[in-house]
Amino acid sequence: MRSLRTGLVGVVLALGLVACSATFNNHGYFPPPEDLAEVDIGDSREAVIEAIGRPGSAGIMRDEAWFYTAYRVRNYAYRAPEITERQILAVSFDGQGRVSNIEEFGLEDGQIVQLSRRVTTSSVREISFLAQILSNFGRINIGEGLGD
């Protein structure tokens, strides 16, 4: 009986430790170095697609740059997810659609961007339900409601 209890406690402790272990999720796509070596300055967009594939996202409003991003997220029990690795490849194009620049960024190159939390005030007044009903009395035409 004692060995059964000891075994049960051991199993519960092992399950508790496994439940608290970190899990990792990989997101995105970053081209392998051998494929990236095929892209040269002056190549067309089609050549880039052929060499490293179509990007996950492009430049905002215009197609001036393509971004390939990959990151690894660590999830650990009750803590907020944490990005442990990040790779970003930015392929910039000139006006003729030719590669003008290729840049790689890592997690150490990132900057924290503060988002503005401003709230726009509205011009809507708070009116009670009863005030809304009473304000509609002058607008109601009983004749239209009855079909006259």
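At 25% relative accessibility, Arg-74 counts as partly exposed, a class that lies between buried (under 20% relative accessible area) and exposed (over 50%), computed with a 1.4 Å probe and protein chains only. The structure is a predicted model, in which local features need pLDDT of at least 70 and side-chain atom pairs count only at pLDDT 80 or more, while totals for chains, interfaces and linings use all residues. Residues are numbered from 1 along each chain as its sequence is written, and side-chain values use heavy atoms, with hydrogens and water left out.

**Overall organisation**

- The protein chain contains 5 helices and 5 strands, which are DSSP runs numbered from the N terminus (helices: H or I, at least four residues; strands: E, at least two).
- Read from the N terminus, the order of these elements in the protein chain is α-β-α-α-β-β-β-β-α-α.
- The protein chain has 148 residues, of which 15% are buried.
- The protein chain has an accessible surface of about 12,200 Å², and carbon and sulfur atoms contribute 55% of this surface; accessible areas come from the Shrake-Rupley method with a 1.4 Å probe, and for residues only the protein chains shown count as cover.
- Among contacts (heavy atoms within 4.5 Å) in the protein chain with a separation of 6 or more, 46% join residues 24 or more positions apart.

**Salt bridge**

- The whole structure holds 1 salt bridge, defined as a side-chain nitrogen of Lys or Arg within 4 Å of a carboxyl oxygen of Asp or Glu.
- This link joins the side chains of Arg-74 and Glu-82, with 3.6 Å from N to O.
- Glu-82 has a relative accessible area of 42% and is therefore partly exposed.

**Nonpolar core**

- The largest nonpolar core comprises 13 residues, and Val-48, Ile-52, Tyr-68 and Leu-89 have the most contacts inside it.
- Two or more residues of this core come from each of helix H3 (45–52), S3 and strand S4 (82–93).
- Such a core is a set of buried Ala, Val, Leu, Ile, Met, Phe, Trp, Tyr and Cys residues joined through side-chain atoms within 4.5 Å.
- In soluble globular proteins, nonpolar side chains tend to be buried together.
- Not counting residues up to four places away in sequence, Ile-52 touches Tyr-29, Pro-31, Asp-35, Leu-36, Val-39, Tyr-68 and Leu-89.

**Aromatic pairs**

- A search of the whole structure gives 2 aromatic pairs.
- Tyr-29 and Tyr-68 are edge-to-face, with 6.3 Å between centres and 70 degrees between the planes.
- Tyr-29 sits in the loop between strand S1 (23–28) and H2, while Tyr-68 belongs to strand S3, so the pair ties together parts 39 residues apart in sequence.
- Tyr-29 is partly exposed because its relative accessible area is 38%, whereas Tyr-68 is buried at 1%.
- Trp-66 and Phe-93 form an edge-to-face pair, at 4.9 Å centre to centre and 70 degrees between the planes.
- This pair ties together parts 27 residues apart in sequence, because Trp-66 lies in strand S3 and Phe-93 in strand S4.
- Trp-66 counts as buried at 4% relative accessibility, and Phe-93 is buried with a relative accessible area of 7%.
- Rings of Phe, Tyr and Trp (its six-membered ring) pair if their centres lie within 6.5 Å; planes under 30 degrees apart count as stacked, over 60 as edge-to-face and the rest as tilted.

- Asp-35 is placed in helix H2 and is partly exposed at 23% relative accessibility.
- Leaving aside neighbours within four places in sequence, Asp-35 is in contact with Ala-51 and Ile-52.
- Ser-44 is found in the loop between helix H2 (33–36) and H3, and its 17% relative accessibility counts as buried.
- Beyond neighbours within four places in sequence, Ser-44 is in contact with Gly-97 and Arg-98.
- Glu-50 belongs to helix H3 and is exposed, with a relative accessible area of 73%.
- Glu-50 and Glu-38 are 12 residues apart in sequence, and their C-alpha atoms are 9.5 Å apart in space.

**Nonpolar surface patch**

- Tyr-71, Ile-83 and Leu-107 make a nonpolar surface patch of about 220 Å².
- Patches are made of residues with over 30% relative accessible area and no salt bridge, with like charges joined within 9 Å and nonpolar side chains (Val, Leu, Ile, Met, Phe, Trp, Tyr) within 5 Å.
- Tyr-71 is located in strand S3 (residues 65–75) and counts as partly exposed at 33% relative accessibility.
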